[in-house]
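Subject: Model for your files

Hello,

Here is the structure I said I would pass on. My notes on its core and on one helix pair follow below.

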Amino acid sequence: MLKIVYPICCGLDVHRDFVYACIATTENGVTTYKSHRFSTFTKGLRDLLSWLLQNNCKDVCMESTGKYWIPVYNILETDCKIVLAHPKYVKAIRGKKTDKKDAKWIADIFKHDLVSGSFIPPADIRQLRDLVRYHTKLTSFTTGEKNRVQNCLTVSNLKLDSVFSDVFGKASSNIISHILANPSEKISDVSAFRTKRMKATDDEILEAVDGAMCSEQAEKLRIIRKHMSSLDLCKSNLQSLILSTAEKYISEINLVCTVPGMAAFSAISVIGEIGVDMSAFPTSKHLCSWAGLAPQNDQSAGKKKTTRISRAGVYIKPLLVQCALNAIRCKDNPEIATRYNALKKRRGHKKAIIAIARMLLTAIYNILKKHEPYNAELYRKSDTPPEHRHVSVEEAVFILQRQGYLISPPVSIG
């Protein structure tokens, strides 16, 4: 028989306009239920809180349905202990399903402590997380508009991407502005657009701009460039707001910045995702699994079926991968590049860079938990070979084969 962990608990089935609550009270092995439906307006949620407190219920479990759980969480956060569960952990049995039965099912499995709660950071970290994620969205919008600019140039037979490494650099942008100002005029001299770092010759540039942009594509390009300018202004204003919001965590940000490949804004983004209190994660492995950087543990009969990572961490995982790509190029910390190159030989680039991202997140976890800066010596292996190392012939052949050597059988002389 399962142990009753929460004698008085509540299960919430949250919807857009209403929330169905069911309190399960267990005494002497017998469970009684009280159910009520509340509105999701603020007044209705306050009534829900009063109803819970009147029934001496402070342990609440609800499933994370979109963004609908946030208003409920905001009202109940101060007076109740809330467990927010992923839908896959509280999914009810199929058939004969109603909102009332869903709330009762959540209460039944929660009273036995069978629900794994999601990580919910404090309110100030949640605000920082929301701002950082919006900055990521604005960056994605800018990237999408850059792709549309490239599409306009391609359909107009303007091959600037073939001669310029950055189509949105100074020289290329000046050429595009000149074309938009004079759509019908052919460019015959590009000397006015040259910069010191430009590698393409004048003839190559003239061949690249030998196209014709119609009035529709020109007007579309003007609209796109205007939108990009407004996005840049919005991003700069948002960055100022993010910096002012993250000012209270300046000491933690400075510590995270000691990690290789981690810039100041990246450190703010990481703290916005995981917070500064690492007691929410028992170990660094739990944090890596939450971030979607842990390989799956799926093996049977001694064979590993898959080691794919999960889809979790849709915001923090790409950020850590970018930091890992920067860290393997950092000359001040060769231990990262050494680890990456060793893994790349065996597992390939993609798995190696995910391993480096996990390595960085593990370092961040210990830095925030111990309040100590990054220590490169913990990741550096001694270059001196062992004093006594004896290997058999088979082991020596295996080592040489792993290094890429082809071993031929010995030739007998006689």
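The largest nonpolar core has 53 residues, and Met262, Ile274, Leu320, Ile336, Leu361 and Ile364 have the most contacts inside it. Such a core is a set of buried Ala, Val, Leu, Ile, Met, Phe, Trp, Tyr and Cys residues joined through side-chain atoms within 4.5 Å, where buried means under 20% relative accessible area (1.4 Å probe, protein chains only). At least two residues of this core come from each of α4 (123–155), α7 (215–245), α8 (250–256), α9, α10 (284–290), α11, α12 (334–347) and α13 (349–370); helices are DSSP runs of H or I, at least four residues, numbered from the N terminus. With 13 residues, α13 gives the most.

Another core, of 24 residues, lies apart from it and includes Phe164, Ala171, Ile175 and Ala218.

This is a predicted model: local features need pLDDT of at least 70 and side-chain atom pairs pLDDT 80 or more, while totals for chains, interfaces and linings use all residues. Residues are numbered from 1 along each chain as its sequence is written, and side-chain values use heavy atoms, without hydrogens and water.

Now the helix pair. The axes of α9 (residues 264–274) and α11 (residues 316–327) come within 10 Å and cross at roughly 150 degrees (lines fitted to C-alpha atoms over the stretch in contact, angles from 0 to 180 degrees between N-to-C directions). The two helices are therefore roughly antiparallel (over 145 degrees). In contact (heavy atoms within 4.5 Å), Ser266, Ser269, Val270, Glu273 and Ile274 of α9 meet Ile316, Leu319, Leu320 and Cys323 of α11.

Regards

Methods: Parallel < 35°, antiparallel > 145°, perpendicular 65-115°, else oblique. Buried < 20%, exposed > 50% of the residue type's maximum accessible area, 1.4 Å probe, protein only.
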